[in-house]
Amino acid sequence: MDLRIPKLPKNEDDLEQISKELESQHDDHEDVEHIVAELITSIQDLENRISQSENDMNKIKEEISRIYLVLSKVVLLISSNNEDDKIKNLKDLLTLLK
């Protein structure tokens with residue numbers, strides 16, 4: 001039995017290499033096709049999960065940026081002595097929070 005750590009296929013060539021290795025180890029071609037089909041399905045599922053995670057990460061980055069903007073307006077509001085500046089910062093803050 002081969003005890004090497006399997007690598008995840010990154011492209012079609014990797015899948016073909018895995019398929020050839022499996023075919024050399026197994027006599028039944030249908031079993032190999034089934035295993036390769038399962039591998040492809042698993043890879044597609046992983047790609048979908050990665051894509052969803054990247055989308056979620058981008059949304060989180062946008063929200064963090066928005067929080068920093070809100071905090072900067074709050075700091076400007078607190079540190080301002082001029083009433084006109086306070087009103088402007090309050091309006092900006094309101095716009096950011098909508």
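## Stop 1: a charged network

Select Lys73, Lys88 and Asp92: these residues are linked in a network of salt bridges. A salt bridge here is a side-chain nitrogen of Lys or Arg within 4 Å of a carboxyl oxygen of Asp or Glu. Side chains of opposite charge can pair when their charged atoms come close.

Before going further, a word on what you are looking at. This is a predicted model, in which local features need pLDDT of at least 70 and side-chain atom pairs count only at pLDDT 80 or more, while totals for chains, interfaces and linings use all residues. Residues are numbered from 1 along each chain as its sequence is written, and side-chain values use heavy atoms, with hydrogens and water left out.

Now zoom in on Lys73 and Asp92, whose closest N and O atoms are 3.1 Å apart in their salt bridge. This pair links distant parts of the chain, with Lys73 in helix H2 and Asp92 in helix H3, 19 residues apart. Helices (H or I, at least four residues) are DSSP runs, numbered from the N terminus.

Lys88 and Asp92 both belong to helix H3 and sit 4 residues apart, about one turn of the helix. An α-helix has 3.6 residues a turn, so residues three or four places apart point the same way.

Are these residues buried or exposed? Buried means under 20% relative accessible area, exposed over 50%, and partly exposed in between (1.4 Å probe, protein chains only). Lys73 is buried, because its relative accessible area is 18%. Asp92, at 23%, counts as partly exposed, and Lys88 is partly exposed at 46%.

## Stop 2: another salt bridge

Move to Arg49 and Asp45, a salt bridge with its closest N and O atoms 3.3 Å apart. Both residues lie in helix H2, 4 residues apart. Arg49 is exposed at 53% relative accessible area, whereas Asp45 is partly exposed at 36%. The count for the model comes to 4 salt bridges.

## Stop 3: between the helices

Select Ser80, in the loop between helix H2 (29-79) and helix H3 (83-97). Ser80 has 10% relative accessibility, so this residue counts as buried. Not counting residues up to four places away in sequence, Ser80 touches Asp85 and Lys86; contact means heavy atoms within 4.5 Å.

At the start of H3, find Asn82: one of its side-chain oxygens reaches to within 3.0 Å of the backbone nitrogen of Asp84.

## Stop 4: along H3

Follow H3 from end to end: its 15 residues reach 21 Å from first C-alpha to last, close to the 21 Å expected at 1.5 Å a residue. That expected span is 1.5 Å times one less than the number of residues.

Then select Leu96, in helix H3. Leu96 is partly exposed, with a relative accessible area of 22%. Which residues is Leu96 in contact with, leaving aside its neighbours within four places in sequence? They are Arg66, Leu69, Val70 and Lys73. Leu96 and Arg66 are 30 residues apart in sequence, yet their C-alpha atoms are 7.4 Å apart in space.

## Last stop: Ile67

Finish with Ile67 in helix H2, which is partly exposed at 48% relative accessible area.

Note on methods
Helices (H or I, at least four residues) and strands (E, at least two) are DSSP runs, numbered from the N terminus. A polar contact is a pair of N or O atoms within 3.5 Å; within protein, one must be able to donate a hydrogen and the other to accept it, and residues adjacent in sequence count only if both atoms are side-chain atoms.
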